[in-house]
Amino acid sequence: MGRNCVICAAALLARSLSRVSGQELKLDPQTTSLLLLRGAIDGNGALTTWTPTGDVCTSWEGITCDASGKVTAIDLQGKGPEGQIPLDEGPGGNLDALQNF
C-alpha cells in the first residue's frame, strides 16, 4: 500500500472511530494523533484498548502520561506493530517523541 493510501486509511479510521452511537465525539489533537497511529500500524488488531471513548492515560494499553495528561511514552513491545508511522499527518505533529517501537 502506498504511503498516501496508508495516511488516508488512517485518517478514515480515526474519523470513523470518532463517531459513537451516531454522535460526533470531540477528540483532542493528542487522541486524534494516536488513533491515526493505530490506524497506520495496528494491522493485527492488538491495540483494542485504543478507542476514542477510552481515556488515553488510564485505559489505553502501552501509554504512559504525565500528571497533566500528556502522553510521555508509548510502549508497543510485543504488540507486533507494522506499517509506516505517518509523521507528517499523524502523531509527529502532536507528540514530542516516538522511540523504542
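**A. Threonine 49 counts as partly exposed, with a relative accessibility of 27%.** Here, buried stands for a relative accessible area under 20%, exposed for one over 50%, and partly exposed for what lies in between, with a 1.4 Å probe and protein chains only. The structure is a predicted model, in which local features need a pLDDT of at least 70 and side-chain atom pairs count only at pLDDT 80 or more, while totals for chains, interfaces and linings use all residues. Residues are numbered from 1 along each chain as its sequence is written, and side-chain values use heavy atoms, with hydrogens and water left out. Threonine 49 belongs to the loop between helix 2 and helix 3, where helices (H or I, at least four residues) and strands (E, at least two) are DSSP runs numbered from the N terminus. When neighbours within four places in sequence are set aside, threonine 49 is in contact (heavy atoms within 4.5 Å) with Ser59, Trp60 and Glu61. Glycine 62 is 13 residues from threonine 49 in sequence, and their C-alpha atoms are 9.4 Å apart.

Tryptophan 50 and tryptophan 60 form a stacked pair of rings. Rings of Phe, Tyr and Trp (its six-membered ring) are paired if their centres lie within 6.5 Å, and their planes count as stacked when under 30 degrees apart, as edge-to-face when over 60, and as tilted otherwise. By this rule there is one aromatic pair. The ring centres of tryptophan 50 and tryptophan 60 are 5.2 Å apart and their planes meet at 20 degrees, so the pair is stacked. The two residues are ten residues apart, with tryptophan 50 in the loop between helix 2 (29-41) and helix 3 (56-59), and tryptophan 60 in the loop between helix 3 and strand 3. Both tryptophan 50 and tryptophan 60 are buried.

**C. The largest nonpolar core holds 14 residues.** A nonpolar core is a set of buried Ala, Val, Leu, Ile, Met, Phe, Trp, Tyr and Cys residues joined through side-chain atoms within 4.5 Å. The members that touch the most other members of this core are Leu34, Trp50, Trp60, Ile63, Val71 and Ile74. Helix 2, strand 3 and strand 4 are the elements that give two or more residues to the core, and helix 2 gives the most, with five residues. Elsewhere in helix 2, where leucine 36 is found, a view of leucine 36 shows a residue that is buried, with a relative accessible area of 11%. Although leucine 36 and isoleucine 85 are 49 residues apart along the chain, their C-alpha atoms are separated by 8.8 Å.

**D. Strand 3 and strand 4 run antiparallel and form a hairpin.** Two strands pair if DSSP finds at least two bridges between them, and three bridges join strand 3 (residues 63-65) to strand 4 (residues 71-74). The bridge partner of cysteine 65 is valine 71 in strand 4. Five residues lie between the strands of this hairpin, in which glycine 69 takes a positive phi near 90 degrees.

**E. Threonine 64 lies in strand 3, and isoleucine 74 in strand 4.** The C-alpha atoms of these two residues are 6.4 Å apart, while in sequence threonine 64 and isoleucine 74 are ten residues apart. Threonine 64 counts as partly exposed, at 42% relative accessibility, whereas isoleucine 74 counts as buried, at 9%. Isoleucine 74 and glutamate 61 are 13 residues apart in sequence, with 8.9 Å between their C-alpha atoms.

The protein chain as a whole has three helices and four strands. Along the sequence, these elements follow the pattern α-β-β-α-α-β-β. Buried residues make up 31% of the 101 residues, and residues 24 or more positions apart account for 57% of the contacts with a separation of 6 or more. The average pLDDT, which is the predictor's confidence in each residue from 0 to 100, is 74 for the protein chain, and 59% of the residues score at least 70.
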